[in-house]
Each structure stands twice: as C-alpha cells, then as structure tokens.
Amino acid sequence: MSVSIDPATTVSDPEWAQRPDGSQISVSIGDLALDSGAELADVTVTFQKWGTPNAAKDNIVLALHALTGNSHVTGPADDRFSMTGWWDGLIGPGCAVDTDEWCVLAPNSIGGCYGSTGPGSVAPDGEPWGSRFPRLTVRDLTRSEEIAFRSLGITRFAAVAGGSMGGARALEWAVTYPDSVGAALVLAVGARASADQIGTQTTQIEAIKADPAWRGGDYYGSGSSPSTGMGIARRIAHLSYRNDRELDERFENSAQGEEDPLVDGRYSVASYLEHQAEKLKRRFDPGSYVVLSDVLNNHDVGRGRGGVTAALNACPVPTIVGGIDSDRLYPLYQQEELARELGNCVGGLHVIHSDAGHDGFLTEFEPIRRLLVETMELARKQR
Ligand SMILES: CC(=O)SCCNC(=O)CCNC(=O)[C@H](O)C(C)(C)COP(=O)(O)OP(=O)(O)OC[C@H]1O[C@@H](n2cnc3c(N)ncnc32)[C@H](O)[C@@H]1OP(=O)(O)O
Ligand SMILES: N[C@@H](CCO)C(=O)O
C-alpha cells in the first residue's frame, strides 16, 4: 500500500497527519473484494482531513458524504470543489465538531468522481473502467475505507456521522466494525432501501442509460457525456429531496418570469429543477451517478446477517438517529425502525422539523449542530 498527497508523492504515515486542514490525501489499497463476489482492482481511496490526530489516535471522526457529495465537508467553494462544504460551519475550530479537539477525516466514496476509484478512473489496463466497473454495495464502500484507514494506523474512530447515503455508510460502519466506532450519528436513512427508493432510483438510472451518449457506459474519452440523461435523473431526484408542500408554497403553478407555459415557456418549478440539473452537470459524472444510485438500491444492513432486525439488535455502538419530518424519500418510519431496533440507540428518534424534506439534513443547521454536539459528547465518554 502507498500513501500519497495531492496525489503524487508517496509519504509515510506521520506526514499525512501533519498536513494542513483541508489537505487531500490518497491511499492505494490494492484489490478490493466486493459483496458481489467480484474484485475491483487497484483501488484508491482519497480523503480530506481537518485537525490533527493525537498520539493515541483516539480523537478521529469520520464524516461521510451523501450521493453526490464529496470530501469537502467544510469551507467555501474553491477550484477543486465547486460547492460550499456540505456541513460548512459545523466542523472546524470552535464548531460542533471542534477540530482543535477532533481530527475529522472525510473519504470520497469509491464509485464516485472526486478522487477515489470510480467508473471514470483508469483501470490497470490503462483504459477507463466504464462499463466494466462492478456493482457496489454500501458495505463495499465502508470496506474500502476501513482498509485505507487501517493502512494509516487508524483502527478506531471516535465517531462516524452522515446523512442519506452518508447515513447508510455510518450505519454500515457501526454494524460492520462495532469495535472501531465509538459513537455514530445516522441521519435521514433507513435500514435497507425501500421499494419506493429503488423504484425512483432505478428510474433515474434508466434516464441516464437512455441518453445516446451513454454508449453502454463507455463514453469516457468519446468527447460526449450522457449529461442530458443525468439532468433528467437529477430533476426526478431533486423532487424527492424536497417536500411537495414546500415546493408548492415556493413555486405554485406560476410561470417562470415573463415566460408563458401555455405557449413555449416554463413553469417556475421546471426552471428551478433545470437549474439544479445544470449545476449537477457541471460537477458530477453520470457514470458515478449510475453506480452510486445502484449502491443506494443495494443498501441492506441485514443482508447476510439474518435480516435487518437481527443486524440492528446486535449493534452495540451508541448511536444517535435523526430523521426529518417532511422527508418523503426516507420517511420517518424508516428512522423509527432504526431507533427501535438498534442495540444501543441513544435518546430515541430525534425528529428534525424542516419544510425542506430530505435535504433538511443539509439545510437545518441548528438541529444538525445539536445532534453533532450530542454525538461528540457520546464519543468523549467512549474514549
Ligand atoms: C453531502 C451531500 O449531500 S453533498 C451534496 C449537496 N449539495 C447538492 O446536492 C447541491 C445541489 N443543491 C441542493 O441540493 C440544495 O440547493 C441544497 C440542499 C444544497 C441547499 O438547499 P436550499 O438552500 O434550500 O436551496 P434551494 O433548493 O432553494 O435552491 C437554491 C437555488 O435554486 C435557484 N432557484 C430558485 N428558484 C429558481 C427558479 N425559479 N429558476 C431557476 N433557479 C431557481 C436559486 O437561484 C439557487 O441557486 P444557487 O444554488 O445556484 O445559488
Ligand atoms: N443533495 C444530496 C441529496 C442526496 O441525499 C446529494 O445530492 O447528495
């Protein structure tokens, strides 16, 4: 295994730990055995860090991003990341996760397009993975992270935290590696994908694959990309990320500006969705969107563990579970199940009030801040 920074130079373990806040660090973990029985060759896991590990390495926190997120958890938009950190203001000196005390590591998920191995990465034969990229599960993502961090000498995290796909990753971390997790914060997710989620996400995948530029997944290097398909997928997704009442209060059935929807103009909500689609096209790879949407479909914490209830019951990690009352993609009953069945759920289900729907795990700063503070208090007790 080798460790490199940004991402060329190979360095030794103590050096990565001293790198400045926000540094991008890349770890080669070799071949990764997957849940499907396949193997992903020559895998790289990249991550960013804030704060510094202490000598005992018992102050390290894992922040896990959602579907189209990345390692840029905190800080302003920059050249590398065109969006503000997804929990900006919650992680940093003096913040809920105070990086004067804690060292936060945020891995880019494999399958994505922000540095860790994904379908657009170059395979060992020198060609992009494309259609050859294997199907992944959330457990494959966490396994790649566990191997990468263990290679850096990290065998235990004081806390793991995330929402949506990040929540699924945090849950898998707690269930798969209970001895390696002091406390967990699991937000806006369920124990397994529901039929509704699989239906919606499969429809999004099909929208991308229906784009002629998809070329069976082998469009890398072709000069075009199925971004039109991904734009449609994102519109469908974004509707599921917001609440129907909130959308109607904001947009009603009004026209966009001076446009006339009865002639050739757009409705305001259609313009809003188009804007969200265009933004994603500028920063995300359609192939990764397909792979990671499928990862969400494959989420099942009970697979191979005697079912969801048995898997959750057996998890001893002190876990805080949060859900959003207007979330129509991951409705509250799914977090109620987590809170009820997890072996060591702390404080029952924490309901976050938001008009924003699923996106509340990103937009509701104060409730998320409080849950992070509680999680870090739990983590402190476990040290
Ligand atoms: C961990 C992770 O999940 S990382 C990934 C998270 N980030 C993303 O997914 C990026 C996409 N953005 C979003 O999902 C959301 O904007 C959030 C969750 C980040 C923030 O939500 P909110 O603050 O409620 O933003 P909202 O839904 O109101 O969207 C605002 C945008 O819509 C635009 N908009 C609003 N109305 C219209 C309209 N009628 N026509 C066109 N654009 C419109 C605004 O100008 C604004 O644009 P900007 O984001 O380029 O500044
Ligand atoms: N806005 C988030 C929502 C998915 O959970 C994302 O794109 O990752």
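Trainee: How many residues surround ligand 1?

Mentor: The closest include Ala66, Gly69, Trp86, Ser271 and His275. A residue belongs to the shell if its C-beta atom, placed from the backbone, lies within 6 Å of the ligand. The model is predicted: local features need pLDDT of at least 70, side-chain atom pairs count only at pLDDT 80 or more, and totals for chains, interfaces and linings use all residues. Residues are numbered from 1 along each chain as its sequence is written, and chains are lettered from A and ligands numbered from 1 in the order in which they are written. The number around ligand 1 is 18 residues.

Trainee: Which helix gives the most to the shell around ligand 1?

Mentor: Helices here are DSSP runs (H or I, at least four residues), numbered from the N terminus. Two of them, α7 (268–283) and α11 (360–363), each supply at least two residues of that shell. With six residues, the top contributor is α7.

Trainee: How many residues of domain 2 are in contact with domain 1?

Mentor: An automatic or database assignment sets the bounds, giving domain 1 (2–193 + 301–382) and domain 2 (197–296). The shell around ligand 1 draws at least three residues from each of them. Contact requires C-beta atoms, placed from the backbone, within 7 Å. On that basis 30 residues of domain 1 meet, in domain 2, 25 residues.

Trainee: Which residue of the shell around ligand 2 is listed with Met165, Tyr241 and Ser164 and is an Asp?

Mentor: Ligand 2 is also surrounded by Ala66, Leu67, Thr68 and Gly69.

Conventions: Two residues are in contact if their C-beta atoms, placed from the backbone, lie within 7 Å.
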